[in-house]
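Trainee: I am new to this structure. Please take me closely through one part, the ligand and its surroundings.

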Amino acid sequence: MNSRAQTTLLTGISELRTVSELGTINDAAVIIEDGRIAWVGAQSAAPAADEASDLGGRAVLPGWVDSHTHMVFAGSRAEEFEARMAGEDYAAGGIAVTMEATRSAGPDALEGLLRERIAAAHAGGTTTLETKTGYGLDVASELAAAELAARYVDEVTFLGAHLVPPGAETEEYVDLVVGEMLDAVAPHVGWIDVFCERGAFTEEQSRRVLEAGRRQGLGLRVHGNQLGPGAGVRLAVELGAASVDHVNYVTDADVAALAGSETVATILPACDLSTRQPLAPGRQLLDAGVHVAIASNLNPGTSYTSSMNFCVATAVLQQHFTLDEAIHAATTGGARALRRHDVGGGLDPQGRPAKGTIAVGASADLHVLTSTHAIDLAYRPGMPLTWQTYHAGELVSAWQLPQYPTNLPPRKA
Ligand code: NIG
């Protein structure tokens, strides 16, 4: 009996951005086998496969790796947003509004919302997602969020330390987070995070949270330096966090510390625009040799979008990334922030198929654009550029190019 998996040959790739040592290959082909990339190269050299699909002369890149989202929530904060556009400042306290809506939504509604959000992310070319708890803020609700997220999302982060819920006493709440809440949630998550910021948690409280998570075997992430200078970056580097996210207000010492570390600086361009914070200094971080990731930060308070295409366009147009740098940051950069990056042979540090790269052995996560060249991501911002998305070799999203309506005559016949 032949137990070899079915192979699929994708041809008609005008420009293949591998984000691996293979660089960019024009007129390329890819073979997928058992959810992984089995072969990559020039179409003229492609071996035969069991089935073939012609992508019609389109650009292909790895699926986006969105390493920072808050997808488990209910409700909207459109009014808060509108007030901000009229001049109000963003403050952490708005998290409590989403906490109320999330607690009252019920498990079925939350599951439906999460599934819709994942489908929308796929439709935008995203194939790997991290998401956080953090809108439950009591033991039962945080546990429910973690269990739900773990059923659907690649990487789940415990963010009980998002805000001290209204009415709670801060030190008692931190005790709860590092005690009963962490014990309950830890079996369902791989990461712990803390909002180390004015109006949320102090450096000492953040340290307690992160150290408690580390004792439970969780990887560390930090929300830091979002609303002003602070301890977030320093703490993240000191404790060996995989990522410190936001980094809008960094000192030269913060940049130097990041540059000498394995901690990724994750920038969140859509959030910066939506909160009217200065854009994170992505160019400065890259120039200093810092590992940089770009993520969407999907959440109802500061960044109600999962569009990585938009974030990449913003990084190029406004943060002075080259397209290549932005694609790296939004693919293998995000994978590094989740410790899922390629460390050789298409494998990640744990020996799983790597994310965010097109290399033999890596997960067959592909983003097929509607256009021939990936530069269109910045050159034609806001246009519908995602055509198909493959997750572990499966087509998870396909979009039809719009046709001129047959019932509408040309304006000038
Ligand atoms: O990453 N900064 C903290 N957490 C979210 C926003 C949460 C909210 O306002 O609902 C963020 O921006």
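This is a predicted model: local features need pLDDT of at least 70, side-chain atom pairs count only at pLDDT 80 or more; totals for chains, interfaces and linings use all residues.

Mentor: Start with the residues around the ligand. Sort the shell by class.

Now look at the polar atoms. Take Tyr135 first. A polar atom in the side chain of Tyr135 is 2.6 Å from an oxygen atom of the ligand. Turn to Thr302. Here a polar side-chain atom also lies 2.6 Å from a ligand oxygen. Then find His68. An N or O atom of the His68 side chain is 3.4 Å from an oxygen atom of the ligand. The cut-off for a polar contact is 3.5 Å, so the His68 pair counts as one.

Next, consider cover. Taken alone, the ligand exposes 320 Å². The protein buries 100% of that area. As for its site, the ligand sits in the largest cavity.

A pocket is an open set of points, whereas a cavity is one the probe cannot get out of. The largest pocket has a volume of about 390 Å³. Its lining counts 22 residues. Nearest the centre of this pocket lie Val19, Ser20, Thr332, Asp342 and Thr357. Two elements each give two or more residues to the lining: helix 12 (323-330) and helix 13 (332-337). By class, the pocket lining holds 8 nonpolar, 10 polar and 4 charged residues.

Definitions and conventions. Residues are numbered from 1 along each chain as its sequence is written. Side-chain values use heavy atoms; hydrogens and water are left out. A polar contact is a pair of N or O atoms within 3.5 Å; within protein, one must be able to donate a hydrogen and the other to accept it, and residues adjacent in sequence count only if both atoms are side-chain atoms. Accessible areas come from the Shrake-Rupley method with a 1.4 Å probe; for residues, only the protein chains shown count as cover. On a 1 Å grid over the protein atoms alone, a cavity is a set of points where a 1.4 Å probe fits but cannot get out, and a pocket is an open set with protein on both sides within 12 Å along at least five of seven lines; lining residues have an atom within 4 Å of a point. A molecule sits in a cavity or pocket if more than half of its atoms lie within 2 Å of its grid points. Grid points are joined across faces, edges and corners, and a volume is the space filled by probe spheres set on the points. Helices (H or I, at least four residues) and strands (E, at least two) are DSSP runs, numbered from the N terminus. Ala, Val, Leu, Ile, Met, Phe, Trp, Tyr, Cys and Pro count as nonpolar, Asp, Glu, Lys and Arg as charged, and the others, Gly among them, as polar.
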